[in-house]
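Have the sequence and the 3D view at hand as you read.

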Amino acid sequence: MPELPEVESLTGFLRERAVGRTILGVDVVAIQALKTFDPPVTALGGLTVTGVTRHGKFLDLDCDGLHLVIHLARAGWLRWRDDLSGAKPVRPGKGPLAVRVRLAPDEEGLAPGFELTEAGTQKRLAVYVTKNPDDVPGVAALGPDPLDESFTVEALKRIVGGNRTQIKGLLRDQKVVAGIGNAYSDEVLHAAKMSPFKIAATLTDEQIADLHEAIVTTLRDAVERAHGLAAKDLKAEKKSGLRVHNRAGQPCDVCGDTIREVSFADSSLQYCPTCQTGGKPLADRRMSRLLK
């Protein structure tokens, strides 16, 4: 799943390539991906992309005041095409292509653009056309951005204070903190040397400060690694930079212990027992607790 660092990089990537270009048209292949109908998606035709920003995991293309807002969900991705002039007409089907955005030709006659694709059978990629990004429910409900200056230790203390949620789930809640998903929550908690099942309200002031440092440093480092990369290279960069997530059975880079996994119905988490749980393995079942 693309998370804050990847979406931030995609934002910069599109800002460099799409801003200033006119949209020729937007072809919606997977109709379930389009979540709005007024204004219609056809209203984007003829407008110029004037800016690209990010809201949590949402991409936002400002097109002369009309916004194309994109959420890539778990299995979605953005593929840039230097020339779409020879692309075959899109037709609804079983393929991964969901949306194609065609831009006006450049001086060399190439007609660039990008395609939104989604793998798998759970189609959750979402596209909105709106006059105000805050009209998108997911954007309006977002918590603070962890890369914003307002996300201080005190702000995090207010978030965790009195909250009886396990810290792993709290970090993934977009209404609490925007942009962190399954992968980077594993990475953050490993850096903070904290059990994913620790109850948020039990954190001491020192632990909150350590967690804040881990959040900001982990995300900024990932953003820096992804900066300037082409969209096609971001997935490989993310995978290469992960220290615990999706590395079950491998040695921890910090202590050498074997990284372990807890599986759930539709996801899993990875952690290092020595670094995070005092050497005790977590029970691999739903609602797991530390084994006594």
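Across the whole of this predicted model, a search finds 14 salt bridges. Side chains of opposite charge can pair when their charged atoms come close. Let's visit a few of these pairs.

Start with Arg54 and Glu8, whose side chains meet in a salt bridge with an N to O distance of 2.7 Å. This pair links distant parts of the chain, since Arg54 sits in strand 2 (residues 49-55) and Glu8 in helix 1 (residues 4-17), 46 residues apart. Arg54 counts as buried because its relative accessibility is 16%, under the 20% limit. Glu8, at 27%, counts as partly exposed.

Next, find Lys232 and Asp233, which form a salt bridge with their closest N and O atoms 3.3 Å apart. Here Lys232 is exposed, with a relative accessible area of 68%, while Asp233 is partly exposed at 32%.

Now turn to Arg247, in the loop between helix 7 (234-241) and strand 9 (260-263). What is its salt-bridge partner? Arg247 pairs with Asp253, and the closest N and O atoms are 3.3 Å apart. Salt bridges that share partners also join Glu3, Glu6 and Lys238 into one network.

Setting aside neighbours within four places in sequence, Arg247 is in contact with Leu242, Asp253, Ile259 and Gln270. Is Arg247 buried or exposed? With a relative accessible area of 12%, Arg247 is buried.

Conventions:
Residues numbered from 1 in each chain as written. Predicted model: local features only at pLDDT ≥ 70, side-chain atom pairs only at ≥ 80, totals over all residues. Heavy atoms only, no water. Helix = DSSP H or I, 4+ residues; strand = E, 2+ residues; numbered from the N terminus. Buried < 20%, exposed > 50% of the residue type's maximum accessible area, 1.4 Å probe, protein only. Contact = heavy atoms within 4.5 Å. Salt bridge = Lys/Arg side-chain N within 4 Å of Asp/Glu carboxyl O.
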